[in-house]
Amino acid sequence: MVIRELQLHESGLIRQIDRSETIGSIYKMKDGVLEALPAGHECPSWDEEHTREMIERFEAELRSGGAAYGAFDGDALVGFGVLGHRFRGEQLDRLQVDLMYVSRAYRRQGIGTKLMEELADEARKRGASYLYISSTETESAVHFYMANGGRIADQVDEELFELEPEDIHMLKKL
């Protein structure tokens with residue numbers, strides 16, 4: 001497995017990611033506390049429209065100064081993470097984990113953790129004190145970010161909350 005920085009022209013490699021998963025439960029925030037709710041459904045991989053949206057988001061972030069890292073098994077992209085370019089928070093000391101995906105067959109092998117480490121290192125180099133995480137509400141995503149140092153944010157980023165109000169908002173201290 002090789003982890004390396006991704007370049008703008010490699011955006012199409014995102015098509016190789018299988019983001020499907022069985023979702024047993026999801027989380028909701030209730031009075032500042034995570035509440036688990038049963039879900040019990042299969043989430044499919046991206047269709048072409050969602051794939052284009054992810055590619056556009058990836059490209060927009062890199063054009064604006066963000067960074068991306070990919071995990072490769074041979075020539076195949078099996079995971080990637082994107083660090084946002086824009087500092088957030090009252091102290092402007094937070095950079096966002098904008099995208100983070102590992103293909104289904106490669107999960108629970110430490111790949112996501114290695115990608116998070118790369119994003120954290122890059123954020124530190126840029127002067128950030130925290131990673132801001134707007135996580136999907138799935139149990140697997142929330143547990144992953146918490147296992148990698150994410151803690152529920154006391155104050156959510158209003159812009160990101162408006163974009164994805166169901167997400168679980170976290171901070172990871174760097």
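Visitor: How many positive and negative side chains does the protein have, and how far apart do the centres of the two sets lie?

Guide: This is a predicted model. The protein has 21 positive and 33 negative side chains, and the centres of these two sets lie 4 Å apart. Side chains of opposite charge can pair when their charged atoms come close. In this protein the count of salt bridges comes to 13.

Visitor: What makes the pair of E48 and R15 a salt bridge?

Guide: The criterion is a side-chain nitrogen of Lys or Arg within 4 Å of a carboxyl oxygen of Asp or Glu.

Visitor: Why are E48 and R15 called partly exposed?

Guide: Partly exposed lies between the limits of under 20% for buried and over 50% for exposed. E48 has a relative accessibility of 39% and R15 a relative accessible area of 46%, so each is placed in the partly exposed class.

Visitor: How do you know that R63 and E59 form a salt bridge?

Guide: The closest N and O atoms of R63 and E59 are 3.8 Å apart, and the cut-off is within 4 Å; therefore the pair is counted. Both residues lie in helix α1, four residues apart, or about one turn of the helix.

Visitor: Is R63 then classed as buried or exposed?

Guide: R63 counts as exposed, because its relative accessibility is 59% and the class requires over 50%. E56, also found in helix α1, has 51% relative accessibility and therefore counts as exposed. From E56 to I168 the separation is 112 residues in sequence and 23 Å in space, C-alpha to C-alpha.

Visitor: Why are D121 and R124 described as about one helical turn apart?

Guide: The description applies because D121 and R124 are three residues apart in helix α2 (residues 111-125). Their side chains meet in a salt bridge, with 2.7 Å from N to O. D121, at 37% relative accessible area, is partly exposed, and R124, at 41%, is partly exposed as well.

Visitor: Which residues are linked in a network of salt bridges?

Guide: The network links R86, R88, D157 and E159.

Visitor: What makes the radius of gyration agree with that of a compact globule?

Guide: For 174 residues, a compact globule would have a radius of gyration near 16 Å; the protein has 15 Å, so the value agrees with the rule. The C-alpha trace spans about 45 × 40 × 30 Å along its principal axes. Buried residues make up 44% of the 174 residues. The accessible surface comes to about 9200 Å², and carbon and sulfur atoms account for 48% of that area.

Visitor: What is the order of helices and strands along the sequence, and what share of the contacts join residues at least 24 apart?

Guide: The protein has four helices and nine strands, in the pattern β-β-β-α-β-β-β-α-β-α-β-α-β. Among contacts between residues at least 6 apart in sequence, 65% join residues at least 24 apart.

Methods:
Residues are numbered from 1 along each chain as its sequence is written. This is a predicted model: local features need pLDDT of at least 70, side-chain atom pairs count only at pLDDT 80 or more; totals for chains, interfaces and linings use all residues. Side-chain values use heavy atoms; hydrogens and water are left out. Helices (H or I, at least four residues) and strands (E, at least two) are DSSP runs, numbered from the N terminus. The radius of gyration is taken over C-alpha atoms; the globule rule is 2.2 Å times the number of residues to the power 0.38. Buried means under 20% relative accessible area, exposed over 50%, partly exposed in between (1.4 Å probe, protein chains only). Contact means heavy atoms within 4.5 Å. Accessible areas come from the Shrake-Rupley method with a 1.4 Å probe; for residues, only the protein chains shown count as cover. Lys and Arg count as positive and Asp and Glu as negative; His and the chain ends are not counted. The place of a charge is taken as NZ of Lys, CZ of Arg, CG of Asp or CD of Glu.
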